[in-house]
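Please look over the model below before reading my notes.

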Amino acid sequence: MGYDWDFATILQNWPVLWVGLKGTIVIFLVTVTLGLSGGLVVGMGRYSHLKLFRWPASTFVEVFRNTPVLVQIIWFYFAFPLLTGIEVDPFLAAVLGISLNTMAFSAEIYRAGIQSIERSQWEAGKAIGMTYAQTMRRIILPVAIKRVLPALTNRGIEVFKMSTLASVVAYVETLNQAKLIADLNFNPIESYTAVALIFFAVLYPVVQATYVLERMLRKSDM
Amino acid sequence: MSEILKIENLHKQFGDLEVLKGIDLSIQTGETVVLLGSSGSGKSTLLRCVNFMETPSEGRIYLHGEMIGQQTAGGVRYRELELCKLRTRIGMVFQHFNLFPHMTVLQNVMEGQITVLGRTRVEAEDKSRAQLDRVGLLVKADEYPARLSGGQKQRVAIARALAMDPDVMLFDEVTSALDPELVGEVLKAMRQLAEEGMTMLVVTHELGFAYHVANRVLFLDQGRIVEQGEPRQVLKSPDSTRMREFLDGHSLFKLPD
């Protein structure tokens, strides 16, 4: 093999990658916030005993869980404007695709968490006069979310990596910028390796931090 | 004494199974009524109908002379909000404590006061500390439930219910899940409560508690009250064969005097 690695051009183009990384972080923050909070709403809908809430929530989950995110992004960018006349820029298309998919997946995580709470906790809330909403908010969700935190963390990591899909509509993020560097400098090996390294360098410490957080939250379970 | 709770012709059906077959019961303010009966007799269901953890299939319940629910052509209808309000006036303690695991002891007792009654934090905390002191657990205020013994958990559950200032307290086999040596501390807290004049409806297998603390004992069998009266009379010389069999079963291996 004997390939001569040469990262000099990567380092020279660091400002280009930096712009991309900022783009990655922006789209991550937006999609993870929308995805995980929207997922909570959909998840509660899935759990509801009222058809009015359960049925739309279930349809939503099935549609967005069973279609590829990449296709959704492309669809929102190319098909949606043609159908509705509403212009969609690359950022919005990517945000829609990734957020909706994340909502669908995290909804199922939240629902599983809520379902894992013993019925007796509902009764305890009820017995002191709490409404369904109060019991959900004060008693069920805090424990349910704590239980599914590892699964949610996993989702978050997934979302961060999914942000690279936004490059398909030329949203300025890390992979998109690396492609640019590779095309100009004919160094795809170094460029794409750099992307992998950047993602690892960002994610690894974050994941370690979430482990610490989980341990801290487990305090009340001793 | 005045009537605080009245139950009229209460029926409860789960599918094809009729658990309660017409219960009539009147409870006076300050009374401690113990419900006895073997498992499946309907005693827990009766208790759970009083605060509408179960919705009665038929019949009426009155608190302070006011009927709960609205009478319609198709029977009595209940609105959820009305029931939530009602439950703040009727405290309940469960067999398995059901404390909130993510809250400290103090937070457990404060929760309903703040979220449901809208009391201020200061007010709720004062009240909670007083109630915890009353059950002898003020020192555990900042512990999480997982760190407490069963008996301590149950006393916290009692404090949590009392902090809402209920008119009536329901106890659903509250010592059945406890180690034998922890039963006493819970019964003592309940006895103290009864002596302070709380109106109590107690489902239990502790015949000693019924004998010494209750003003009245009811014996349920197959969804009906088959025997009731003063504890001395009901527990010592019951009229019905079912009650005698029940008592015999309980004292099969009694220590000799």
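The points below take the interface and then the pocket.

1. This is a predicted model, in which local features need pLDDT of at least 70, side-chain atom pairs count only at pLDDT 80 or more, and totals for chains, interfaces and linings use all residues. Residues are numbered from 1 along each chain as its sequence is written, chains are lettered from A in the order in which they are written, and side-chain values use heavy atoms, without hydrogens and water.

2. In chain A, 21 residues are in contact with 24 residues of chain B (heavy atoms within 4.5 Å). About 2000 Å² is buried between chain A and chain B, and carbon and sulfur atoms give 63% of that; buried area is the accessible area (1.4 Å probe) that two parts lose on being put together, summed over both.

3. Two salt bridges are found across the interface of chain A and chain B (a side-chain nitrogen of Lys or Arg within 4 Å of a carboxyl oxygen of Asp or Glu). A:Glu123 forms a salt bridge with B:Arg48, with the closest N and O atoms 2.6 Å apart.

4. On the side of chain A that touches chain B, α6(A) has the largest share, eight residues (helices are DSSP runs of H or I, at least four residues, numbered from the N terminus).

5. The largest pocket has a volume of about 430 Å³ (an open set of points on a 1 Å grid where a 1.4 Å probe fits, with protein on both sides within 12 Å along at least five of seven lines; lining residues have an atom within 4 Å of a point). Among the 17 residues that line the largest pocket, A:His49, A:Trp122, A:Glu123, A:Lys126 and A:Tyr132 are the closest to its centre. To this lining α6(A) gives the most, four residues.

Conventions: Helix = DSSP H or I, 4+ residues; strand = E, 2+ residues; numbered from the N terminus. Points joined across faces, edges and corners; volume = space filled by probe spheres on them.
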